[in-house]
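Trainee: I would like to go through this structure and ask what stands behind the terms used for it.
Mentor: Go ahead.

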Number of protein chains: 2
Amino acid sequence: MTAETSTKQQNPYGPNPSDFLSNVNNFQLIDSTLREGEQFANAFFNTEKKIEIAKALDDFGVDYIELTSPVASEQSRKDCEAICKLGLKAKILTHIRCHMDDARVAVETGVDGVDVVIGTSKFLRQYSHGKDMNYIANSAVEVINFVKSKGIEIRFSSEDSFRSDLVDLLNIYKTVNSIGVNRVGIADTVGCANPRQVYELVRTLRSVVSCDIECHFHNDTGCAIANAYTALEGGARLIDVSVLGIGERNGITPLGGLMARMIVAAPEYVKSKYKLHKIRDIESLVADAVEVNIPFNNPITGFCAFTHKAGIHAKAILANPSTYEILDPHDFGLKRYIHFANRLTGWNAIKSRVDQLNLNLTDDQVKEVTAKIKKLGDVRPLNIDDVDSIIKDFHMEVNTPRLKAKQEGTPTDEDPLDITGEPATKKAKV
Amino acid sequence: MTAETSTKQQNPYGPNPSDFLSNVNNFQLIDSTLREGEQFANAFFNTEKKIEIAKALDDFGVDYIELTSPVASEQSRKDCEAICKLGLKAKILTHIRCHMDDARVAVETGVDGVDVVIGTSKFLRQYSHGKDMNYIANSAVEVINFVKSKGIEIRFSSEDSFRSDLVDLLNIYKTVNSIGVNRVGIADTVGCANPRQVYELVRTLRSVVSCDIECHFHNDTGCAIANAYTALEGGARLIDVSVLGIGERNGITPLGGLMARMIVAAPEYVKSKYKLHKIRDIESLVADAVEVNIPFNNPITGFCAFTHKAGIHAKAILANPSTYEILDPHDFGLKRYIHFANRLTGWNAIKSRVDQLNLNLTDDQVKEVTAKIKKLGDVRPLNIDDVDSIIKDFHMEVNTPRLKAKQEGTPTDEDPLDITGEPATKKAKV
């Protein structure tokens, strides 16, 4: 029955068979570290750093790299031109307001595509640009026709799409689709959409336009990765990401986190297209540039992402890693770690450590030394050296001829605990 | 038309009207910082710290506090008894294997409820406990009847539920429901479920059992908050959380992040039930105890969660914060911050700073000084002191009588830039 089950459910996390227009197996990435990421509070990228980041993203395999508007500042324009001249495999985009003044500058930079955005919610229409939907549609048509006339890709996106009137939205998307826009975009600008809401909107839009759909999700309520995934299920093709998710406020869908999500659903596609073992280096590059630490709980690269602690988990992981781990750390150039130096440890984890230390103990002996370790772990935090000392001391004791005076032979808990290494608990501060 | 729209769509992020059994407006929290959180690589809580954390969680308003199994170690049992004696409003739970040996110890600790869990996936059945579904069902019935006979609440949860056979799962849930279990639990033990998958499973289970449904989501692929939300939409009532999400590997649904998610959907319920302004203190307490930093991009409490940078954002935020912000920082005892010291700044943000400095400049003058600020921002990172110096210098210049020699009067970019405060870019390291 197990065999039958396993043939029927080869990947329980694979694409939902009821999503006929799903792009879970066929998505593209638009990395916006050099646009949205520049809007992160700490970000200041000079030309050299921008080029270094662009090359790293290109090497990783992102499909598009989006840059700050060339009208944001003089240097922004020059940097955009410099990156366009690098001859990267990734297509270069710049992101502008839906306005001819911006479009005229953008098309002269050498970019492969232009992303235009305009606020369509009543909030943005009232407090940002103050225009009505007719004005927005007319501007969009003018800008799109102009950019297309230069032979450059063009995307039209609404802003704050989930607080926009649905009929207004569909009207303008239908209009821009009919004049041949390359992509339309949905943006959760305030970061509050939820996954099923995203799925419904994307699926509805999918029935209205023939062009590709791109989605942009802020992470204020922690759903940016999940929203990106359900958008692909609903028929979106492209997802905006940034390295570590940096952007306005607490940012957008992170590149690394989305890769963790996607490799579970579409392992072959993801592994063949993106250099996953480069994620750690790219994250370090950007984290250093914007002076932040990699979050301790970051998917894939957080310091504990592949650390297993509870005894019951460690036992099963040692027998078969898939038991408690569906992401394989080796896919990302990383390793798993069994955390055995704590009071929750179990004898299977300790047995594995005994083997690593190349010592011989029977199962009963391992259980005995495990009890000693757990007892000390109740008193204070343990590190690997603590445990190794207890194991080695115990091993010496049980392998020493009986003549050793027994009343002296029982090791005290204090005795063997000279700490020679870096305590495990310090690792989080790295 | 705007008025009509606003009456029809009072809260676009509110509960989905098609979810008849939704508990988005009626959920409960089981905080597992002192159980799942103890399985975090860095965690070692002594008795005093456990009591401090339990009291803080109780004060915040969580409905349940879950503690490590009393059989994990001698001290774990003593700590469990000590917390039960505190007389907290929150109900105290402990979490055990589905085994009579554990249950007999658990019911003597003074807890209000016992959470039992057993692996039902073929992985866990093969590599962890090695039992078949009949054995699991028999153990469950024995343990549930025993715990109930002591007048204590009992939850039965499967482990790795999304890789378990659906028929096996529903069978065992139906069995334990029929003998009067208080709650059944679904657990995404490997952290790979996606939101719509969660919704489907919870909704199906909702039609099989009459008791409450509890859900537990790991965050390996970044979807733990979104999965919790869709579980509530599908009819789950209780969500397992921990402070900062600490737990095995990169942890579970974080308390603070889930509050960000829920306040958007059910603002009155959340604000009336939980002391949201305590989130920052609780997170600091736990972060210090396990020696990690609050992630820079943490929902609500990340250092940039309410920081707005791009000129176009700052303009609208100044006119109406709801434009780019659906979470109100004041709900959490926090403040928003307009980041104006950078090359992406706009004249509206600078005008606001000029007003804060109590200086008088015309709009044209503000635009002129904004251009100076953006020019320097192209060369290097700016901080608030840089910008204030430029503004004050400019203000002095335009308000100085003409006799001052004009060729000398233009401030150089170097001149006014003595840095007297902490650069904004250092804040991320705090």
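Trainee: How many salt bridges are counted between chain A and chain B?
Mentor: The count between these two chains is 6. Bear in mind that the model is predicted. Over all chains, the structure holds 62 salt bridges.

Trainee: What makes R343(A) and E38(B) a salt bridge?
Mentor: Their closest N and O atoms are 2.8 Å apart. The cut-off is 4 Å between a side-chain nitrogen of Lys or Arg and a carboxyl oxygen of Asp or Glu, so the pair qualifies.

Trainee: Which residue forms a salt bridge with D19(A)?
Mentor: R196(B) does, and the closest N and O atoms of this pair are 2.8 Å apart. The pair crosses between chains: R196(B) sits in helix α8 of chain B, and D19(A) in the loop between α1 (2-8) and β1 (28-31) of chain A.

Trainee: What area is buried between the two chains?
Mentor: About 9300 Å², of which carbon and sulfur atoms give 56%. In chain A, the residues that lose the most area to chain B are F44(A), R196(A) and R249(A), together 9% of what that side buries.

Trainee: Now the fold of chain A. What closes into a barrel there?
Mentor: In chain A 8 strands do, in the order β1-β2-β3-β4-β5-β6-β7-β8, with parallel pairing. Neighbouring strands of this sheet are turned by 25° against each other on average, direction ignored.

Trainee: How do you know that β3 and β4 of chain A pair?
Mentor: Strand β3 (residues 91-97) and strand β4 (residues 113-119) of chain A share 5 bridges. Pairing needs at least two, so these strands count as paired, in the parallel sense. Within this pair, I96(A) stands opposite V116(A) in β4(A).

Trainee: Which strands of chain A does helix α7 touch?
Mentor: Helix α7 (residues 166-178) packs on the sheet against β5 (153-159) and β6 (183-188) of chain A, and its direction makes about 175° with that of β5(A). Helix α9 (residues 224-234) of chain A lies across β6, β7 (212-217) and β8 (238-241), at about 170° to β7(A).

Trainee: What is found in chain B?
Mentor: Chain B has a closed barrel of 8 strands, β1-β2-β3-β4-β5-β6-β7-β8, with parallel pairing.

Trainee: What makes β5 and β6 of chain B a pair?
Mentor: Strand β5 (residues 153-159) and strand β6 (residues 183-188) of chain B are joined by 3 bridges. At least two are required, so the two strands pair, and they run parallel. R155(B) has R183(B) as its bridge partner in β6(B). Helix α6 (residues 133-149) of chain B packs on the sheet, touching β4 (113-119) and β5, its direction at about 160° to that of β5(B).

Conventions: Residues numbered from 1 in each chain as written. Chains lettered and ligands numbered in written order. Predicted model: local features only at pLDDT ≥ 70, side-chain atom pairs only at ≥ 80, totals over all residues. Heavy atoms only, no water. Buried area = accessible area lost by both parts, 1.4 Å probe. Helix = DSSP H or I, 4+ residues; strand = E, 2+ residues; numbered from the N terminus. Contact = heavy atoms within 4.5 Å. Axes fitted to C-alpha atoms, helices over the stretch in contact; angles between N-to-C directions.
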